[in-house]
Amino acid sequence: MERYAGLRRTILISFDIDGTLEEGDPPGILAIDFVREAQKDGFVVGSCSDRPISAQRAMWERHGIEVDFAVSKHMLAEVKSQFSADVYYHIGDREDLDKRVAEQAGFAFLWPHEALAKPWHKASFRR
Ligand SMILES: [Mg+2]
């Protein structure tokens, strides 16, 4: 649930891994704690990556995060149909593999630095 400005909206965030999360190869600018805190605040979170799903799940397990979904890039539309949220975001580092895929699946797209600048990020993580 989003808590700023008196609004309570359910936000779903799909994270690309490589080039987006610090855990990625190459590492991106988003810390795993970004995901952890988002989940703690009631966001629906998961990964959407070209890594095998088993590898995605193993990565989350290593960090003790129980994600709501872990899917391949072509499955983003299914995520949207499986979860009810007010806003759907995909965060990634590639124009072709993230931005275009997200927009085709009906997600709003954010570059990693844009995610860090979001009001919900400030409201939730700068307590
Ligand atoms: Mg990437």
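Helix 1 (residues 32–40) has Phe 34, Val 35 and Ala 38 as its buried residues. They span an arc of only 95° around the axis, so they sit on the same side of helix 1. Keep in mind that this is a predicted model: local features need pLDDT of at least 70, side-chain atom pairs count only at pLDDT 80 or more, and totals for chains, interfaces and linings use all residues. Residues are numbered from 1 along each chain as its sequence is written.

**Terms you'll need**

- A residue is buried if 20 or more other C-beta atoms lie within 10 Å of its own, exposed if 12 or fewer, and partly exposed in between, with C-beta atoms placed from the backbone.
- Helices (H or I, at least four residues) and strands (E, at least two) are DSSP runs, numbered from the N terminus.
- The arc is taken from the directions from the helix axis to the C-beta atoms.

**Around helix 1**

- Strand 1 (11–15) and strand 2 (44–48) are among what covers the buried residues of helix 1.
- Gln 39 is also part of helix 1, but it counts as partly exposed because it has 17 C-beta neighbours inside 10 Å.
- Leaving out residues up to four places away in sequence, Gln 39 touches Val 45 and Ile 65 (contact means C-beta atoms, placed from the backbone, within 7 Å).
- Gln 39 and Glu 66 are 27 residues apart in sequence, yet 9.0 Å apart in space, C-alpha to C-alpha.
- Just after helix 1 comes Gly 42, with a positive phi of about 95°.

- Strand 2 is largely enclosed by the rest of the structure, because 5 of its 5 residues are buried.
- Both of its faces are covered: Val 44, Gly 46 and Cys 48 are buried on one side, and Val 45 and Ser 47 on the other.
- Strands 1 and 2 run parallel and are joined by 4 bridges (two strands pair if DSSP finds at least two bridges between them).
- Within this pairing, Ile 13 stands opposite Val 45.
- Going from strand 1 through helix 1 to strand 2, the chain makes a right-handed β-α-β crossover (with the strands pointing away from you, the path from the first strand over the helix to the second runs clockwise).
- Strand 2 also pairs in the parallel sense with strand 3 (residues 69–71), over 3 bridges, and here Gly 46 has Phe 69 as its bridge partner.
- Another right-handed β-α-β unit is made by strand 2, helix 2 (residues 53–62) and strand 3.

**Strand 1 and Phe 15**

- Strand 1 is mostly covered, with 4 of its 5 residues buried.
- It runs parallel to strand 4 (residues 87–91), joined to it by 5 bridges.
- Phe 15 has Ile 91 as its bridge partner in strand 4 and stands opposite Ser 47 in strand 2.
- Setting aside neighbours within four places in sequence, the contacts of Phe 15 include Thr 20, Leu 21 and Val 35.

**The nonpolar core**

- The largest nonpolar core has 24 residues, and Ile 13, Phe 15, Val 45, Leu 76 and Tyr 89 have the most contacts inside it.
- Elements giving two or more residues to this core are strand 1, helix 1, strand 2, helix 3 (76–82), strand 4 and helix 4 (95–104).
- A nonpolar core here is a set of buried Ala, Val, Leu, Ile, Met, Phe, Trp, Tyr and Cys residues joined through C-beta atoms within 7 Å.

Key:
Two residues are in contact if their C-beta atoms, placed from the backbone, lie within 7 Å.
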